Amino acid sequence: MKKFLDSFNKWSNNVFENFNKSFRKHLLLIVFIVLSVIALAMRILFIDYLSGDMASFLVPWFNYFRENGHFLALKTIDQATNNDYLLGYNNLLALMSYLGGRPIAIIKSISFFFDFALAIGVGLVTYHFSKKKITFLISYLIVLFAPSVFANSALWGQCDQIYVCLIVYTFLLFLKKKNIFGSLLLGIAFSFKIQTIFFVPLLGFMWLNKKYRLWHLLLIPVGFMISALPCYFVGGEFVKPFAIIGKQFGEYSNLNYGAGSMYAFLEMTLLAECFNKGVSILFALAVLLFIMFVLYYKKVECNENNMLYVAALYAIITPFVLPHMHERYFFMADMFILMYVIVRKKQYYLAPLMIFSSVNNYTHFLTGEYIFKFLGQDCVRLSALINLAIIIILLVNMREVFPKKEQELIGNN
């Protein structure tokens with residue numbers, strides 16, 4: 001009996017030891033799988049949450065595709081309904097309309113899929129810099145559980161994660177010096193959201209440093225037109241993709257639509273009218289070009305770290321100074337500032353501040369109430385102040401991207 005117990009104890013110790021070794025060896029993979037399942041389950045629990053956009057726009061559009069020949073409906077959906085989304089997203093709705101099931105579940109499943117694709121993309125970018133699996137995992141999980149990402153898909157059922165996901169992979173391709181594929185992918189991102197333009201200043205920075213060729217720009221419209229092929233195949237007019245863009249520009253005339261931009265502070269009617277007559281666009285252009293001038297004048301090198309800095313800076317400052325911005329237009333800034341602080345290993349507080357700023361604006365549209373009742377509509381101004389503070393911090397950080405000689409001169413002064 002004693003021999004049996006000794007043998008059993010030895011066997012059980014070996015089993016435990018081997019299990020422990022195996023568990024430790026695959027710990028990151030286990031955490032990845034378990035928390036991914038939890039993140040998906042959290043989203044599924046909210047799959048019946050019907051936002052205003054879902055009820056008024058997305059579900060009716062989806063049903064129109066189902067009832068009018070799926071892809072064939074691409075020819076008429078913008079005229080027959082109030083659909084003003086670009087063809088990239090409408091292609092997905094047309095494709096998914098072949099599936100049976102409840103529209104809200106199918107539409108949100110698109111957003112859920114791209115939540116995970118975006119999280120992987122952000123993880124791959126940070127891994128590219130750190131070469132550490134733990135950095136990939138942390139970045140991946142932060143994106144999946146970020147309140148702004150969760151609210152955008154699980155509650156809102158929106159598609160901002162799609163174009164930002166494509167931009168993140170575009171950025172990764174640029175880091176790997178695959179500018180041709182990156183430009184094509186950027187064009188596809190444009191076919192989902194015009195807000196992809198927030199990423200374009202990075203191309204200017206790369207071009208000024210001879211890291212991007214002008215002819216690569218021609219690939220962006222090629223990528224954009226790929227999204228128009230299904231529409232053309234079913235007999236859609238050639239101008240269809242551009243007509244939808246024109247429709248978007250003609251719809252929104254207010255300087256601000258609940259976004260944490262500089263126009264959240266502007267209440268003087270006469271001054272607002274002046275800005276609406278084109279002054280706002282010219283002002284925004286002046287700000288964006290001035291920053292590019294400073295980067296060029298200071299001879300900032302186009303290395304990988306500086307590319308991430310420039311992308312993050314423009315991701316937040318562009319929607320801040322542009323008019324007609326909506327609540328969700330800082331979504332790209334959420335992701336790029338997150339990557340920026342993880343790679344930089346400093347000022348981690350910028351990421352939660354940025355994400356809180358976005359969610360703070362989401363809540364009123366989604367629930368009809370503001371996070372802080374005592375602030376009321378001033379919650380939007382709070383987000384604008386947070387965004388302004390982040391911009392100032394990033395501008396101060398610009399000193400770090402100056403060449404070393406410039407940094408020494410600043411230090412001596």
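**Figure 1. The loop that holds His-70.** His-70 belongs to the loop that connects helix H3 (52-67) with helix H4 (77-80). In this predicted model, His-70 adopts a positive phi of about 60 degrees although it is not a glycine. The relative accessibility of His-70 is 19%, so the residue counts as buried, the cut-off for that class being under 20%.

**Figure 2. The loop that holds His-324.** His-324 is placed in the loop between H16 and strand E2 (325-326). Its phi is near 65 degrees, a positive value in a residue other than glycine. His-324 has a relative accessibility of 23% and therefore counts as partly exposed.

**Figure 3. Overview of the protein chain.** The fold contains 20 helices and two strands. Of the 413 residues in the protein chain, 51% are buried. Among contacts with a separation of 6 or more, 75% join residues 24 or more positions apart.

Figure 4. Met-54 is part of helix H3. Its relative accessibility is 0%, and Met-54 therefore counts as buried. When residues up to four places away in sequence are not counted, Met-54 touches Val-59, Pro-60, Ile-104, Ile-107, Lys-108, Trp-156 and Gly-157.

**Figure 5. Packing of helix H7 against helix H17.** Two packed helices are described by the angle between their axes and the distance between the axes. For helix H7 (residues 133-145) and helix H17 (residues 331-344), the axes come within 11 Å and cross at roughly 150 degrees. H7 is therefore roughly antiparallel to H17, as angles over 145 degrees are placed in that class. The crossing of H7 with H17 is right-handed. On the H7 side the contact is made by Thr-135, Ser-139, Ile-142 and Val-143, and on the H17 side by Met-335, Leu-338 and Ile-342. By class, these residues are five nonpolar, two polar and no charged.

**Figure 6. The largest nonpolar core and the contacts of Phe-199.** This core has 127 residues, of which Phe-171, Phe-199, Leu-202 and Phe-336 touch the most other members. Helix H16 (residues 304-321) supplies the largest share of the core, with 13 residues. With neighbours within four places in sequence set aside, Phe-199 contacts Ile-167, Thr-170, Phe-171, Phe-174, Leu-186, Ala-311, Met-332 and Phe-336. There is also a second, separate core of five residues, and Tyr-370, Cys-379, Val-380 and Ala-384 are included in it.

**Figure 7. Helix H11 and its contact with helix H16.** In helix H11 (residues 200-208), the buried residues are Pro-201, Leu-202, Leu-203, Phe-205 and Met-206. Just after H11, Lys-210 has a positive phi of about 60 degrees. The axes of H11 and H16 are 8 Å apart, and the two helices pack at an angle of about 145 degrees. Their crossing is right-handed. From H11, Pro-201, Leu-202, Phe-205 and Met-206 meet Asn-306, Met-307, Val-310, Ala-311 and Tyr-314 of H16. The contact of H11 with H16 comprises eight nonpolar residues, one polar residue and no charged residues.

**Figure 8. Helix H19 against helix H16.** The axes of H16 and H19 come within 10 Å and cross at roughly 145 degrees. The crossing of this pair, H16 and H19, is left-handed. H16 contributes Tyr-309, Ala-312, Leu-313, Ile-316, Ile-317 and Phe-320. These meet Ala-384, Asn-387, Leu-388, Ile-390, Ile-391, Leu-394, Leu-395 and Asn-397 in H19. The contact of H16 with H19 has twelve nonpolar and two polar residues, and no charged residues.

**Figure 9. Ser-383 and its contacts.** Ser-383 lies in helix H19, which spans residues 378-397. With a relative accessibility of 0%, Ser-383 counts as buried. Residues up to four places away in sequence being left out, Ser-383 touches Gly-260, Ser-357, Asn-360 and Asn-361.

Definitions and conventions: Residues are numbered from 1 along each chain as its sequence is written. This is a predicted model: local features need pLDDT of at least 70, side-chain atom pairs count only at pLDDT 80 or more; totals for chains, interfaces and linings use all residues. Side-chain values use heavy atoms; hydrogens and water are left out. Helices (H or I, at least four residues) and strands (E, at least two) are DSSP runs, numbered from the N terminus. Buried means under 20% relative accessible area, exposed over 50%, partly exposed in between (1.4 Å probe, protein chains only). Contact means heavy atoms within 4.5 Å. Axes are lines fitted to C-alpha atoms, for helices over the stretch in contact, and angles run from 0 to 180 degrees between N-to-C directions. Angles under 35 degrees count as roughly parallel, over 145 as roughly antiparallel, 65 to 115 as roughly perpendicular and the rest as oblique. A crossing is left-handed if the near helix is turned anticlockwise from the far one by less than a right angle, and right-handed if clockwise. Ala, Val, Leu, Ile, Met, Phe, Trp, Tyr, Cys and Pro count as nonpolar, Asp, Glu, Lys and Arg as charged, and the others, Gly among them, as polar. A nonpolar core is a set of buried Ala, Val, Leu, Ile, Met, Phe, Trp, Tyr and Cys residues joined through side-chain atoms within 4.5 Å.
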